[in-house]
Amino acid sequence: MNRIERDSQTIRLMIDLYCRHCQHRQELSADYQQLADYACRRLEHCRYGNSKPACKNCPVHCYKPEMREQIRIVMRWAGPRMLFYSPRALFRHLCQCL
C-alpha cells in the first residue's frame, strides 16, 4: 500500500470516527461522505505524489477554503482519539507529519 492509499484510509477513518461520536450517526451523512470523497480526490491528484509532505506543511493548498476548515475540525477532534481506535494509523500519520 502506497502513501496516498494509506492517507486516504486514515482520513476516511477520522471522518468515520467524527461522525459516529460527534454526530451520533452510524453511517456517514451526505456532507461527510462528500468531504471524504473530496479529500481522497485531492490526495489522488496531489502534484507531489507519494513524496508529498503533510498537507499542513505543503506549499500548495489544494483544498477549497470551506472544505479545508471542515477537515481541520474533523482532524482536531479525531486525531487525539485515534490513539484508542487505531494506534497504528495514528503513529504512521504522526511520523509522516514530522
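What does the accessible surface of the protein chain come to, and what percentage of it belongs to carbon and sulfur atoms? The accessible surface is about 6400 Å², and carbon and sulfur atoms hold 52% of it; areas were computed by the Shrake-Rupley method with a 1.4 Å probe, and for residues only the protein chains shown count as cover. The model is predicted, so that local features need pLDDT of at least 70 and side-chain atom pairs count only at pLDDT 80 or more, while totals for chains, interfaces and linings use all residues. Residues are numbered from 1 along each chain as its sequence is written, and side-chain values use heavy atoms, with hydrogens and water left out.

The protein chain contains four helices and zero strands, where helices (H or I, at least four residues) and strands (E, at least two) are DSSP runs numbered from the N terminus. The order of elements from the N terminus is α-α-α-α. The radius of gyration of the protein chain is 13 Å, close to the 13 Å given by the globule rule for 98 residues, so the chain is as compact as a globular protein of that length. This radius is taken over C-alpha atoms, and the rule is 2.2 Å times the number of residues to the power 0.38. The C-alpha trace spans about 35 × 30 × 20 Å along its principal axes.

Of the 98 residues in the protein chain, 37% are buried; buried means under 20% relative accessible area, exposed over 50%, and partly exposed in between (1.4 Å probe, protein chains only). Among contacts (heavy atoms within 4.5 Å) with a separation of 6 or more, 67% involve residues 24 or more positions apart. The 17 positive and 9 negative charges have mean positions 7 Å apart. In this count Lys and Arg are positive and Asp and Glu negative, with His and the chain ends not counted; the charge is placed at NZ of Lys, CZ of Arg, CG of Asp or CD of Glu.

Tyr-85 is found in helix 3, which covers residues 65-85, and is partly exposed at 44% relative accessibility. Not counting residues up to four places away in sequence, Tyr-85 touches Leu-17 and His-21. The C-alpha atoms of Tyr-85 and Met-67 are 24 Å apart in space, at 18 residues apart in sequence. Arg-68 also lies in helix 3 and is partly exposed, with a relative accessible area of 29%. Arg-68 touches His-61 and Tyr-63, with residues up to four places away in sequence not counted. From C-alpha to C-alpha, Arg-68 and Leu-35 are 9.5 Å apart, although 33 residues separate them in sequence.

The whole structure has zero disulfides, a disulfide being a pair of cysteine sulfur atoms within 2.5 Å. Cys-22 is in no disulfide, and the nearest cysteine sulfur, that of Cys-19, is 8.7 Å away. Cys-22 is partly exposed at 30% relative accessibility. Cys-46 is likewise in no disulfide, with the sulfur of Cys-58 nearest at 5.6 Å; Cys-46 counts as buried at 17% relative accessibility.

His-24 lies in the loop between helix 1 (3-21) and helix 2 (30-44). Most residues other than glycine have a negative phi. Phi of His-24 is near 55 degrees, a positive value in a residue other than glycine. His-24 is exposed, with a relative accessible area of 67%.
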